Amino acid sequence: MFLLQHEDLLSLPTPDVFIVCFSLVDEDSLDSVENFWMPKIRSLGKGIPVILVGTQSDMRKTNEHGHISSEQGKVIAKRVGTNYYIECSAKDNMKIKEIFEKTVYAKIHRSKKKSNIIKRMFGR
């Protein structure tokens, strides 16, 4: 499910996992994740796993104004409470598979967690 920049999340079916992408060569896109998308996602209040993905790693240059370093991305991912942080390059086919693997893992982990809670509540 793809969302337009200002589409209302509450009007859509609740997903199992959010994959939130930003460009590693555009700091405004990371600001949008931190100040717009993550607050909207967290307002759903359902503990939905979030995978933060930095795209266009092949275009990133060290010390280039507006480019996001791996360390900056990790700090933001931790600050906004994502489950995973991955940097990728579609051009170089780098870590694309890992994004989908982490998505499946996050879904399975959440499902097991919910199942364990139900078992503890009902003793089954």
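## I99 in helix α3

I99 belongs to helix α3, which covers residues 96-122, where helices (H or I, at least four residues) and strands (E, at least two) are DSSP runs numbered from the N terminus. This is a predicted model, in which local features need pLDDT of at least 70 and side-chain atom pairs count only at pLDDT 80 or more, while totals for chains, interfaces and linings use all residues. Residues are numbered from 1 along each chain as its sequence is written, and side-chain values use heavy atoms, with hydrogens and water left out.

With a relative accessible area of 7%, I99 is buried (under 20% relative accessible area, with exposed over 50% and partly exposed in between, for a 1.4 Å probe and protein chains only). Neighbours within four places in sequence aside, I99 is in contact with I19, I51, V53, I86 and C88, contact being heavy atoms within 4.5 Å.

## Strands β1 and β2

Strand β1 (residues 18-23) and strand β2 (residues 50-55) run parallel and are joined by six bridges; two strands pair if DSSP finds at least two bridges between them. Within this pairing, V20 stands opposite L52 in β2. The C-alpha atoms of L52 and I99 are 9.2 Å apart, although 47 residues separate the two in sequence.

## V80 in helix α2

V80 is part of helix α2 (residues 70-80) and, at 14% relative accessibility, counts as buried. Apart from neighbours within four places in sequence, V80 is in contact with E34, M38 and R42. Between the C-alpha atoms of V80 and L52, 28 residues apart along the chain, the separation is 9.7 Å.
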